Amino acid sequence: MRAIMLHESGDPDVLTLTEVDDPSAGPGEVVVDIAASAVNRADLLQRQGHYPPPPGASDILGLECSGTIAELGEGVTGWEVGDQVCALLTSGGYAEKVAVPVGQLLPVPGEVELVAAAALPEVACTVWSNLVMTARLAEDETLLVHGGAGGIGTHAIQVGKALGATVAVTVGSDERAERCRRLGADLAINYREQDFVEVVKAEYGGADVILDNMGARYLERNVDTLTDGGRLVVIGMQGGRKAELDLGKMLRKRASVTATALRSRSLEQKAAIVEDVRERLWPLVEQGVVQPVIGEAFPLARASDAHRALEEGGVFGKVLLTVR
Ligand SMILES: NC(=O)c1ccc[n+]([C@@H]2O[C@H](COP(=O)([O-])OP(=O)(O)OC[C@H]3O[C@@H](n4cnc5c(N)ncnc54)[C@H](OP(=O)(O)O)[C@@H]3O)[C@@H](O)[C@H]2O)c1
């Protein structure tokens, strides 16, 4: 099969198609004929040599895919050859085929097209596990999502609204603010022009839950924005990894800070997240309440252009890689 395997780290041009052996389905796995994959920020870091895959994972990039089951491994039940699926991967999505543990498979939901379904697994599992399973976002609470126009942000807006929360986002331009409002955000703050702490406090008295992609640069201001009992969940370090935390403020507010990563979790933990997503989020996707948001799509052979697009910024939603 053809795949994008990382032979050396560097700029996007290191991403070229090569011929590699087809994967086979181990016990508890299926092989998926991939229709599409998607580009994640972690892929950019991995390409640059800053984010090696976990031990045992292949050197083929790609954390999610959609496609059709082509082969069942030993002991697999509940799935058939020919089923249309999408999947959370530890690696291997930038290819024509991938072997996937069954616990990381999801059916392609209702009205969603097979190719578009590749935009869902990573954002769905990340947003659901953090907002619902970790932060316990409740109806009538206020959620602040940083980077509202990105892949994660566009999904988090829809999930937050579906759960009955008030959703505020930060974005880099007024045009992106308008698009986030059209997607359901109640408030969109241009981080280049406004101070999100002031705006969120003035509008809502603070945020009960914050989903943060910036890490160190926003830590202090995020804590200032939290309400009493507020929960800050850090999932990205686009603004650095080390900062000072004022425990006095945390203590007075009875606030919590959690930092999580999806990729490094065990098979069992990933399967538990996928199961909860299937049970509780997938019905919302089936009903069209939560939809994939796709900003751009490139054929697999143009993975380097897809990386450049995400790196340069300005894409609204996900960047897809189409395989067939
Ligand atoms: N921990 C996990 O398990 C996990 C899983 C998936 C993703 N992530 C992380 O989540 C983050 C978002 O991922 P993604 O797929 O949505 O990436 P993406 O589509 O590239 O979006 C990145 C976002 O960052 C925003 N941004 C840049 N500078 C900002 C600033 N100063 N303040 C607020 N926002 C700013 C951008 O906003 P504008 O374009 O509007 O400027 C853009 O919306 C990344 O850091 C990624 O690594 C973590």
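Glutamate 96 sits in the loop between β5 (84–88) and β6 (97–101); strands like these are DSSP runs of E of at least two residues, helices are runs of H or I of at least four, and both are numbered from the N terminus. This is a predicted model, where local features need pLDDT of at least 70, side-chain atom pairs count only at pLDDT 80 or more, and totals for chains, interfaces and linings use all residues. Residues are numbered from 1 along each chain as its sequence is written, and side-chain values use heavy atoms, with hydrogens and water left out.

Glutamate 96 counts as buried because its relative accessibility is 19%, and buried means under 20% relative accessible area (exposed is over 50%, partly exposed in between; 1.4 Å probe, protein chains only). Setting aside residues up to four places away in sequence, glutamate 96 touches Met1, Arg2, Val32, Asp33, Ile34, Val323 and Arg324; contact here means heavy atoms within 4.5 Å.

Now for the ligand. Around it are 25 residues, with Arg41, Ile152, Tyr191, Tyr218 and Gln238 coming nearest; a residue is near if one of its heavy atoms lies within 4 Å. The table lists some N or O pairs, and a polar contact is such a pair within 3.5 Å.

| Residue | Protein atom | Ligand atom | Distance |
|---|---|---|---|
| Glycine 151 | backbone N or O | oxygen | 2.9 Å |
| Tyrosine 218 | side-chain N or O | nitrogen | 2.6 Å |
| Threonine 260 | polar backbone atom | nitrogen | 2.8 Å |

On its own, the ligand has 930 Å² of accessible area, and the protein covers 87% of that (Shrake-Rupley method, 1.4 Å probe). Two or more residues of the shell come from each of α2 (121–134), α3 (151–162), β9 (166–171) and α6 (216–225). Sorted by class, the shell has ten nonpolar, ten polar and five charged residues.

Next, leucine 211, which belongs to strand β11 (residues 207–212). Leucine 211 is buried because its relative accessibility is 3%. Beyond its neighbours within four places in sequence, its contacts include Asn130, Leu143, His146, Ile152 and Val233. Leucine 211 and glycine 153 are 58 residues apart in sequence, yet their C-alpha atoms are 8.7 Å apart in space.

What about the cysteines? A disulfide needs two cysteine sulfur atoms within 2.5 Å, and the count by this rule is zero. For cysteine 65, the nearest cysteine sulfur is that of cysteine 86, 8.0 Å away. Cysteine 65 is buried, with a relative accessible area of 1%, and cysteine 180 counts as buried at 0%.

How values were computed:
Polar contact = N/O pair within 3.5 Å; in protein donor to acceptor, adjacent residues only side chain to side chain. Nonpolar A, V, L, I, M, F, W, Y, C, P; charged D, E, K, R; others polar.
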